[in-house]
Amino acid sequence: MKNYRKELWFNTQARRELINITPDVQQCLEDSGIKEGILLCNAMHITSSVFINDEESGLHYDFEQWLERLAPEKPYSRYRHNGYEDNADAHLKRTIMGREVVVAITDGKLDFGPWEQIFYGEFDGKRRKRVLVKIIGE
Ligand code: ZN
């Protein structure tokens, strides 16, 4: 059995961003040489997410609006966590959007359903953060 590990780094311009990382993950899969197996992709921070959904700008706007209704960024004072930090909302948003995805590898490809794409969800950005890609198989 082969195994592969890589860290992808991000440094967003905005506090919140959704980035389609499917091409990066596909490159990892090609570099691994693995044809059949399992791919894990997870955020390595507790204020960002990795999730699978559609590459559609209207939906991305809807995610932003929905997350802001559930866990508004401001006022910062509404959260007990915001004593020395201002990112309580980012912790909550990350929990809603999830930590990781697992994708089957079949015949050297990400075995997606229709329209599935992998996204990095940043909720407390403007600093260097990373995503782990781990692939096992043969
Ligand atoms: Zn925090």
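## Salt bridges, zinc site and cores

Arg15, Arg16, Glu64, Glu68, Glu73, Asp86, Asp89 and Lys93 are linked in a network of salt bridges. A salt bridge here is a side-chain nitrogen of Lys or Arg within 4 Å of a carboxyl oxygen of Asp or Glu. By this rule the count comes to 14. This is a predicted model: local features need pLDDT of at least 70, side-chain atom pairs count only at pLDDT 80 or more, and totals for chains, interfaces and linings use all residues. Residues are numbered from 1 along each chain as its sequence is written, and side-chain values use heavy atoms, with hydrogens and water left out.

**Individual salt bridges**

- Glu7 pairs with Arg130, with the closest N and O atoms 3.1 Å apart.
- Glu7 sits in strand E1 and Arg130 in strand E8, so this bridge ties together parts 123 residues apart in sequence. Strands (E, at least two residues) and helices (H or I, at least four) are DSSP runs, numbered from the N terminus.
- Glu7 is partly exposed, at 23% relative accessibility; Arg130 is partly exposed too, at 24%. Buried means under 20% relative accessible area, exposed over 50%, and partly exposed in between (1.4 Å probe, protein chains only).
- Lys129 bridges to Glu122, with the closest N and O atoms 2.7 Å apart. Lys129 is buried at 0% relative accessibility, and Glu122 is buried at 1%.

**Zinc site**

- The zinc ion is coordinated by His81 (NE2), Glu85 (OE), Asn87 (OD1) and His91 (NE2), at 2.1 to 2.4 Å. Donors are N, O and S atoms within 2.8 Å of the metal (3.2 Å for Na, K and Ca); water is not among the atoms, so sites may look incomplete.
- Along the chain, the donors follow the spacing H-x3-E-x1-N-x3-H.
- The four donor atoms subtend angles of 78 to 156°, which makes the arrangement irregular. Four donors count as tetrahedral if all angles lie between 85 and 135 degrees; four count as square planar and six as octahedral if opposite donors are over 155 degrees apart and all others between 65 and 115; anything else is irregular.
- Asn87 is buried at 4%, whereas Glu85 is partly exposed at 39%.

**Nonpolar cores**

- The largest nonpolar core has 21 residues; Ile21, Leu39, Cys41, Val50, Val131 and Ile135 have the most contacts inside it. A core is a set of buried Ala, Val, Leu, Ile, Met, Phe, Trp, Tyr and Cys residues joined through side-chain atoms within 4.5 Å.
- Apart from it lies another core, of seven residues, including Phe63 and Phe123.
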